Every structure is written in C-alpha cells, then in structure tokens.
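I opened the model today to look up a few local features. My notes follow in the order I checked them.

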Amino acid sequence: MIDPRTRHAELAQLINDARFQYYVLDAPDLTDARFDGLMEELAALEDRHPELRTPDSPTQQVGGAVSATFAAVEHLEPMMSLDNAFSIEEVERWYARLGGETELLCEVKIDGLAVDLVYRDRRLDTAATRGDGRFGEDVTANVRTIADIPLTLNPGAPDLVEVRGEVFMRPADFAVLNESLEAAGRPRFANPRNSAAGSLRQKDPRVTASRHLRFYSHGIGMTSGEPAARQSDAYDLLRAWGLPVSGHNEVVAGLASALVYIDEREQARHDLEHEMDGVVLKVNDRDRQRALGFTSRAPRWAIAFKYAPEEVNTRLLRIAVNTGRTGRVTPYGVMEPVLVAGSTVEMATLHNASEVARKDVRPGDTVILRKAGDVIPEILGPVLALRPEGLPAWVMPTHCPSCGTELREQKEGDKDLRCPNTRSCPSQLRERLFHVASRVALDIENLGWQAADALLSAGLVSDEGDLFSLTADDLARSAFFTRIDPKTKERVLNANAGKLLINLEAAKTRPWAKFLVALSIRHIGKGVAPDVARAFGSVQALQAASEAELSAVDGIGPVLAASIVEWFGVEWHRAIVDKWLAAGCVLADETVPDADLSAIDPTLEGLTIVVTGAVPGYTRDTAQEAVVARGGKASGSVSKRTSVLVAGESSGSKYTKAETLGVPILDASRFEHLLERGLDALGDE
C-alpha cells in the first residue's frame, strides 16, 4: 500500500509542475482531464487524511507562479480561482449548500487568460495576469494594444476600480495566426488559449497588437464606488463604463433553469466567438455572496461546471517514434485529420511501447480520439468492431530513428526505451540546442527549432558547446541564415543571422542558475537551479564538489547530488563547459571586486534566511535578492541550519517545521527590520 504522505507529495509535485507549464510557459504538458483527475485525487486524499491539507497544498492555492519575464504587480484584492464540478450531481450538491432557492447568474467559461485591470481617475493604470492570485505579471503595455479594453472609462465610473476579465483569441484569428507562423517557419500554437496567453506575454507590444486579441470583463475587485446589489447589476455598470461584457450571460431563477442553460450552451459550444470549456454559475445577490464567503482559494458562491472532453473517431495511419532531449524514444500516432474540440488534429502521443500494447492500437485501426480539456490530443483505444481482419500489432523499433543506435532501457524495468548515443544523436542534439535557447534556460531569441536544425545540418556546431563561438562567417555557410541581395545578386547574411549573433553575445552573461538549467543535468530544472547556484557560486566549484558535499546542502538531495557528479564525470560534458568558458560565458555568480568589498552590506553575513508566504513590497525573488545583497544566504527550505524564517500569509508547512526545529520566526511585516538590523529585529514587538 502506498503511504498517504508519499502519494500526497507526488501529486502535489505533479500538479505544481503542470501549473508552471500552463500558467508561466503557456505550454501545458498534461491534459485538462488529467490535471483535474490529479486534483480530485489529491482532494479526496486530504479528505481521508485532513492533516495533509496544509496552506501550501495545491488544493488551497490559486493559479500558478509569477513569471520572471515581467515585473510583479500586487492585486488590490486577491484574484481567486473557482472550484470545479464534473457532473450534474456535484452541481446539485453545491446548490444545496447555498441553503434554499437562489437566483443564479449563468456565464460561459471563456478559455482564455485571466487579467486584472486597475483604473485610477478613469484611466487605465495597470494590467496584470492572475499569477498566484496575489501577485501577477505586469502586462500593461501589451494590454493597451487590445482594442476591446478602453484606456479611459466613461463618465460616471468610480475614481478607483479593479476590473477582472478574460483575454481570448477568436478561433478564426487563431487559424490565421497559425498559418502565418507556419509560413514563417515558426511553431504553431496548440490552441486559442495558448495563443492568447503567448501573445499577451510578448516582449514587444507591437507583436501583441498584431494578434487581434479580444476581452470580456466578468467581475469587479476593489472599487471606490458603491457596490452593485446583484452580480448582473455589476455587469450593467461595466457596460456603462465602456467595458465589454459577454452577451451569453443569463440570470435564472434557480437550479432547474441553470441546468437547462448548461445543456444549451454545450450544444452550441463551437458557435461562440471564443473557445469555452464549461459554464460558471454564480449567486447573483451580492449580500448573499458576502454571507457565503470564500475558502482559501475560491468563492463558495460560485462553481465552474466543466464539460466532458469531446471524443471522435478517426483512422490511425501509422505509429512513428521521436527521440527527445534525454534520449527517451516516444511513439506517437499519425491520424487522418479530424476536427475535435474546435480544431483539426493529426497527431497524438502514445507515451511508450507498453502503453501502445496496453491500449492495443494498431496502424489501420479506427481509434477513439479525445482532445482532453481542449488542449492535448489523446488516443483512448481502438474501435475493435471496425478493425480490419488480420491487422498486425505494432512493434517498437529496436534502433533510434534519428541515428540508428540500438535502443535500451536506462535501468531494469524502465518502461521507456532510450537512445544511448547522447553525444551525437541528431534528435537529442537538436532538442538540447532548443532547450539551451528556451526561456527557462538562456532565453536566446532567433534560436528556434528550425535554426537549431540548420546549425546542425550545415555542420556549424557539433554540440551545444559550439554555440557561443559562432561567427558571421560560420552562419554565412548556411542557406537558412542567408539571402540573395537584390542589387548585388550575392548571398549575404539575413536579419535572423544578425539578431542571433547579438542574442548569443547577450546570453553569455545570463545568471549562473540559468546556465545550470541550460546544461541539461538530469533533475536540475528552473525550481532547484537557484538553490544549487547559491550553494556553489561557479561551475568550477560545482564540478569540484563531492557527492557528500552536495548532499549536505539544503535543497540538494542524494538523487540530485549523484546526478550532478555523474554528469561532470562525462568527458564531453566537461568539454561543453570548457567551450562556453573559452567563448566568454560567465558560469558564475557575479562577484564584487576586492577593492569594493567594503561596499557590501554585512548585516546578514553568516545567516541563512528562509522567506515564505507573501511579504509586503516583495516578490519571492526580490526578497531573496535583498537577503543576498546583505551578505546572507537565501534558502528555499527550513532545516536546523536556518537562522530565521520570515513568514508571510500562507506560510504552510515551513512555518510548522520551523516551530518543530525551534527556528526563530519573524513576521513578514518586520522583514525590513531584519534587513536593517539583522538578528536584533527578533527583539522587536
């Protein structure tokens, strides 16, 4: 039997990773149905074991992390999430808890990106994404380009009002955008939601302006005006102030009418001007809303009913395999194009050979395809009644489709087969180059999929170590980076080549933690890289560390320690580091020259500080930076070596652990005192 605490930790990690992929990277790697299933399992586990339901559990949190790409903005009022219902029975139970017949406002659930608009003196002041519910990303410049969002509200609007709503992209605009991306040799967006989120997070507002984003408002946060008596009245106010509101909302007398609305909207879900994945029901009376209140993450007076994922039948033409960055070889199905959940699908993952065998899908089968959560296509299985007689079972290749190396299990019992040719397999090389350029690593623009493939095809790089030594003469050898000058008729570098060289030069001074992610050391991702970088301030220090020294550091467990030692034990891995250093890359934390050491503020020298929860005036990153700037060590976990825990709201298990270990705890409101006075701040009342 699986230990409840172990399973709880596994589920929490899966959910938090999925939230980061969805909210920050706009690249979900779980289907909505799979994510919802994990959340349901976690909630059920916490119902059986209430001691596991801590404030930092995913069931108690809103949204995802705040990206480091944009500045953080604190919402005037927290942006809550919504509880989900997946059956009519769950909706009925929610309605019963309201306590009697209740008027409801029914809305279609727009599949877009939630934003928070703050108007001061009727002028748009700031715009932010939901983020973690308390802090969002500042996207004001980009939001100003959306025609639906007024820069100035009509007369009669309050001096201060916080407007909540959804940015989305119409399916027709989504299709046009994908066609233009494909024509430019760039990857397509998976769905309108991802395209809207990606378009809103562009560094250049002119790109956002070209994407034809739309907006509907659906709520009011903080306001200096008189609150509306009903939710529907609030929507009338929003319209009067000049803000767009969905025309599909409907006030109903009670549950019976709400269920009719749910059914009608599902029948017409693809006839709307935006994608939708369900219906939101809200208590219409605002006084009743206030009486019902909130849980830690969602209002009790509202619920989102999510439609079941759509399923269609199509023919599986073939099963192919793809080799990824880590050598894992993944089978995927290529199907006759079919319309599902509003978009055309041709390919779907099959995970591994064991999964293909379990589902017993074969090329030539009619298969059941589900685009779960309107995001990631999934082959559920074959329609056996339609299987042609004598159709042979699919056999997993024994050799890598990219380099021809014989595939093998990484360890006994591993369901995944991997290509062991990690150094020179073209697919692995291309994926690693693409990873180096990703936002979570070195964020190198103009080094996309096609550019990486072009560098390898032309022999300009043998591995990622050669990237930062590229010159204009090198790029001139590839047709991808050149064009014909119409005047001289000679081949010259194109704009992409020039930008790539500039971006490569800029990437040489990215933070050490970013380089750590770029190295593709197993188990080092965006989350743990800062802890490793703080403990070992340079690549030389990390390479010289023993497994015991690594394991002794907060945030580095034995598995990660072994992985780091194993990685540096490979000669060609060390060669990559040497090439980057020789090219001028700074694989170390910035240090202050000896002459300037007197300028360092030593207030927290020798102290290990853990900051958790919300700290007024700081994001997590800026709070840690403030600690480091004063000579302290900013750690992500509480241990016996922790000097002080700074605890804000929703401190959760770290607070409990600090109490158990006897670690001094300082309220977040006195964080500035700690920065100014060190441990003397613990004596403040």
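How exposed is D263? I found D263 partly exposed, at a relative accessible area of 42%. By the cut-offs, buried is under 20% relative accessible area, exposed is over 50%, and partly exposed is in between (1.4 Å probe, protein chains only).

This is a predicted model: local features need pLDDT of at least 70, side-chain atom pairs count only at pLDDT 80 or more, and totals for chains, interfaces and linings use all residues. Residues are numbered from 1 along each chain as its sequence is written, and side-chain values use heavy atoms, without hydrogens or water.

Next I placed D263. I found D263 in helix 9. Helices (H or I, at least four residues) and strands (E, at least two) are DSSP runs, numbered from the N terminus.

I then turned to phi. Most residues other than glycine have a negative phi. D360 is not a glycine, yet has a positive phi of about 55°. I located D360 in the loop between helix 11 (353-359) and strand 15 (366-372). D360 is partly exposed, at 27% relative accessibility.

D443 also went into the notebook. Phi of D443 is positive, near 50°, and this residue is not glycine either. D443 sits in the loop between helix 12 (426-436) and helix 13 (449-457). Is D443 buried or exposed? D443 is buried, with a relative accessible area of 18%.

Last, I took the chain totals. I noted 24 helices and 24 strands in the protein chain. Of its 685 residues, 49% are buried.
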